[in-house]
Amino acid sequence: MDASAPVHITIGDGGNQEGLLYEMVDPQPKYSAFREPSYGHATFEIKNRNTAYYAWHRNQDGYSVEADSVWFHNLYWKSSSVASI
């Protein structure tokens, strides 16, 4: 993995009135790392100049369950003269 590469996050959890699409899980294409037919929402929290936290929550059953998450670290902010937030 290239730590200097940009990261793109795309979610499509709006749902539809016909219900969840279970057919999109099997067969799963090789280019797709993970698929889950669920409703949910995501949060992206910028903690300070160096760190951010992304979490995806599955909530189609009425409960907000954190199903996936990742920490992002800024490798380019090197200033020691500015205090962190």
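These are my notebook entries on what I looked up in this predicted model.

**Ground rules.** I number residues from 1 along each chain as its sequence is written, and I use heavy atoms for side-chain values, leaving out hydrogens and water. Since the model is predicted, local features need pLDDT of at least 70 and side-chain atom pairs count only at pLDDT 80 or more, while totals for chains, interfaces and linings use all residues.

**Entry 1, the elements.** I looked up the secondary structure and found zero helices and three strands, where helices (H or I, at least four residues) and strands (E, at least two) are DSSP runs numbered from the N terminus. Read from the N terminus on, the elements run β-β-β.

As a reminder to myself, strands of a sheet pair through backbone hydrogen bonds, either parallel or antiparallel.

I found two aromatic pairs in the structure; rings of Phe, Tyr and Trp (its six-membered ring) pair if their centres lie within 6.5 Å, and planes under 30 degrees apart count as stacked, over 60 as edge-to-face and the rest as tilted. Why is the pair of Phe 44 and Phe 72 called tilted? Their ring centres are 5.9 Å apart and their planes stand at 55°, so the pair is tilted. This pair links distant parts of the chain, with Phe 44 in strand 1 (residues 40-46) and Phe 72 in strand 3 (residues 65-73), 28 residues apart. Phe 44 counts as partly exposed at 47% relative accessibility, and Phe 72 counts as partly exposed at 22%; here buried means under 20% relative accessible area, exposed over 50% and partly exposed in between (1.4 Å probe, protein chains only).

The rings of Tyr 53 and Trp 71 have centres 4.5 Å apart and planes at 50°, so I recorded this pair as tilted too. Tyr 53 lies in strand 2 (residues 51-58) and Trp 71 in strand 3, 18 residues apart. Tyr 53 is buried, with a relative accessible area of 13%, whereas Trp 71 is partly exposed at 45%.

Glu 66 has its place in strand 3 and counts as partly exposed at 41% relative accessibility. Which residues does Glu 66 touch, not counting those up to four places away in sequence? I listed Tyr 53, Ala 55, Trp 56 and His 57, with contact meaning heavy atoms within 4.5 Å. I also noted that Glu 66 and His 41 are 25 residues apart in sequence and 9.5 Å apart in space, C-alpha to C-alpha.

Of the 85 residues in the protein, 14% are buried.
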